[in-house]
Amino acid sequence: MPVDIRDQTRTLSRLQKLELEVRRLQAMLGKVEEQTGALNAQLQQCEDPVAAAHRQQQELQKQYRSQEAELQANQERIAKSNEKLRAVKTNKEYQSGLKEIDDLKQIGSKLEDQMIACLDEIQAGHRFLKEHQAQADHRAAQIRDELEQVRRDAHESAAHLAAAQAQAAEISRQLPAELLALYRRIRDRKPDGVAVAEVRSAVCGGCHVNIPPQMYNEMQRRDRLKNCPNCDRIIFWENEDERSE
Ligand SMILES: [Zn+2]
């Protein structure tokens, strides 16, 4: 009874399909770190200016409170100096007292200017936050969702990968060792990892080159494995509708 190699080529095709899935999943998982890195960078880009504005607001408010305390102290000093002035005995003391009060008032006036400038900055900060906070929060939430999705997909892909690898190992065990070794040799030489190709209408599905007519006829007997004369892939023929005369 002639050998039918269909079982072998079908098993090889199943193995090939699984291994291609393994490759696809590995490539996908290989990109996860890059993707999450890029998303985290985007997240930072969107959150950093707002966080910096918040920090600056706190800093300015602290600065304003300290100026306020200083002004208060200054006013108390002026009041004390005024009191002292009422008790002076000589004109010289009086003049020096007036000078002291004048100096203090100048310091106070400078402080008030600084406080106004500080309030202006606080208001500008408020405006910036009012304009950007909601937008930044919204975008940050979107990016966090995307990150979550990438992580979920990666988790799922890792599970699929493990399953596909286990199945591929199982199928490999069903193949004769020599055939498996041949398959792997060809696979490892092909950049696309495809070692098995179906021939349809006398064309190799791996390299899309025509199979010589005599070889094509022989293939249809399915009694021996053949390799594509052009790309060396293991080729098989399945489609009975195309059977040559
Ligand atoms: Zn070929």
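What spacing do the donors of the zinc ion follow along the chain? They follow C-x2-C-x20-C-x2-C. The views below show a predicted model, where local features need pLDDT of at least 70, side-chain atom pairs count only at pLDDT 80 or more, and totals for chains, interfaces and linings use all residues. Residues are numbered from 1 along each chain as its sequence is written, and side-chain values use heavy atoms, with hydrogens and water left out.

**View 1. The zinc site.** Cys204, Cys207, Cys228 and Cys231 coordinate the zinc ion through their SG atoms, at 2.3 Å. Donors are N, O and S atoms within 2.8 Å of the metal (3.2 Å for Na, K and Ca); water is not among the atoms, so sites may look incomplete. The site is tetrahedral, with angles of 106 to 114° among its 4 donor atoms. The ideal angle for four tetrahedral donors is 109.5 degrees.

View 2. Cys228 and Cys231 are both buried (under 20% relative accessible area, 1.4 Å probe, protein chains only).

**View 3. The two domains.** The assignment gives domain 1 (20-172) and domain 2 (179-242). Such bounds come from an automatic or database domain assignment. The C-alpha centres of domain 1 and domain 2 lie 65 Å apart.

**View 4. Residues around the largest cavity.** The lining includes Ile5, Thr9, Met219, Arg222 and Trp237. Lining residues have an atom within 4 Å of a point of the cavity, a set of points on a 1 Å grid over the protein atoms alone where a 1.4 Å probe fits but cannot get out.

Notes
Four donors count as tetrahedral if all angles lie between 85 and 135 degrees; four count as square planar and six as octahedral if opposite donors are over 155 degrees apart and all others between 65 and 115; anything else is irregular. Buried means under 20% relative accessible area, exposed over 50%, partly exposed in between (1.4 Å probe, protein chains only). On a 1 Å grid over the protein atoms alone, a cavity is a set of points where a 1.4 Å probe fits but cannot get out, and a pocket is an open set with protein on both sides within 12 Å along at least five of seven lines; lining residues have an atom within 4 Å of a point.
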